[in-house]
Amino acid sequence: MIKTTGLLIVDVQNDFCPGGALAVEDGDRVVPVLNEYARRVAALGGPVFTSRDWHPPQTRHFRSGGGPWPAHCVQDTEGAAFHPDLAPPAGSTVITKGDNALDDGYSAFDGHDDAGVDLTSALQANGVSRLLVGGLATDYCVHASVLDARNNGFDTVLLLDAIRGIDVEEGDVARAMDEMLRAGATTATLDTVDSVIGTPA
Ligand code: VGL
Ligand code: ZN
């Protein structure tokens, strides 16, 4: 059976890149790699989704509201904008999450497109059965999104060369990796992904 492959690019936003409010070390290094994955998926006719953390100024997610994080990715700020070099193909879909003051919105599957359609429905509408996942941060939003992708029945491929983590506590990234693999995620890199997703005929 031919599988349609989609790509989910998680939270490649200025605040998660060096210089940002919640910078992930080397977070910006995923950008050119993800652009190449996006090119390959689009060449196969697959859809590309880019999620964005999109918090209101006051939210339970921030320390100011009792949560764990400094303010980051506040709606309509420069920090919430996608990294300027991220170049998803025309027709890609933005998935907004964390936009409710009561929700952390770690998972892209808790988000919605501009029409309010959730990610699972959007993937199903595109016939996607296999989902490649990369972006930021490995131990938070990538982790939550990969586990939800598995729970929603998608073949889920974690892109090892296109993720970076925070490691608030040392070992967080390793634990997150372990959980994603135990949940049935497989892995690929740019060197191996063509053997997973195929190449254009
Ligand atoms: C994220 C912490 C707080 C993420 C978002 O995108 O991984 N991490 N909000
Ligand atoms: Zn956040």
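This is a predicted model: local features need pLDDT of at least 70, side-chain atom pairs count only at pLDDT 80 or more; totals for chains, interfaces and linings use all residues.
View 1. His72 places a polar side-chain atom 3.1 Å from a nitrogen atom of ligand 1. At Cys141, a backbone N or O atom is 3.0 Å from an oxygen atom of ligand 1. Alone, ligand 1 exposes 260 Å², and the protein buries 100% of that (Shrake-Rupley, 1.4 Å probe). Polar contacts pair N or O atoms within 3.5 Å.

**View 2. The shell around ligand 1.** Ligand 1 is surrounded by Asp11, Phe16, Leu22, Asp53, His61, Trp69, His72, Tyr106, Leu136, Ala137, Tyr140 and Cys141 (a heavy atom within 4 Å). The shell has eight nonpolar, two polar and two charged residues; Tyr and Cys count as nonpolar, Asp as charged. Ligand 1 takes the space of the largest cavity (1 Å grid points where a 1.4 Å probe fits but cannot get out; more than half of the molecule's atoms lie within 2 Å of them).

**View 3. The zinc ion (ligand 2) and its donors.** Asp53 (OD), His55 (NE2), His61 (NE2) and His72 (NE2) coordinate the zinc ion at 2.1 to 2.2 Å (donors: N, O or S within 2.8 Å). Their sequence spacing is D-x1-H-x5-H-x10-H. Asp53 and His61 are buried (under 20% relative accessible area, 1.4 Å probe, protein chains only).

**Notes.** Residues are numbered from 1 along each chain, and chains are lettered from A and ligands numbered from 1 as written. Local features need pLDDT of at least 70 and side-chain atom pairs 80 or more, while totals for chains, interfaces and linings use all residues; side-chain values use heavy atoms, without hydrogens or water.

Notes: Donors are N, O and S atoms within 2.8 Å of the metal (3.2 Å for Na, K and Ca); water is not among the atoms, so sites may look incomplete. Buried means under 20% relative accessible area, exposed over 50%, partly exposed in between (1.4 Å probe, protein chains only). A polar contact is a pair of N or O atoms within 3.5 Å; within protein, one must be able to donate a hydrogen and the other to accept it, and residues adjacent in sequence count only if both atoms are side-chain atoms. On a 1 Å grid over the protein atoms alone, a cavity is a set of points where a 1.4 Å probe fits but cannot get out, and a pocket is an open set with protein on both sides within 12 Å along at least five of seven lines; lining residues have an atom within 4 Å of a point.
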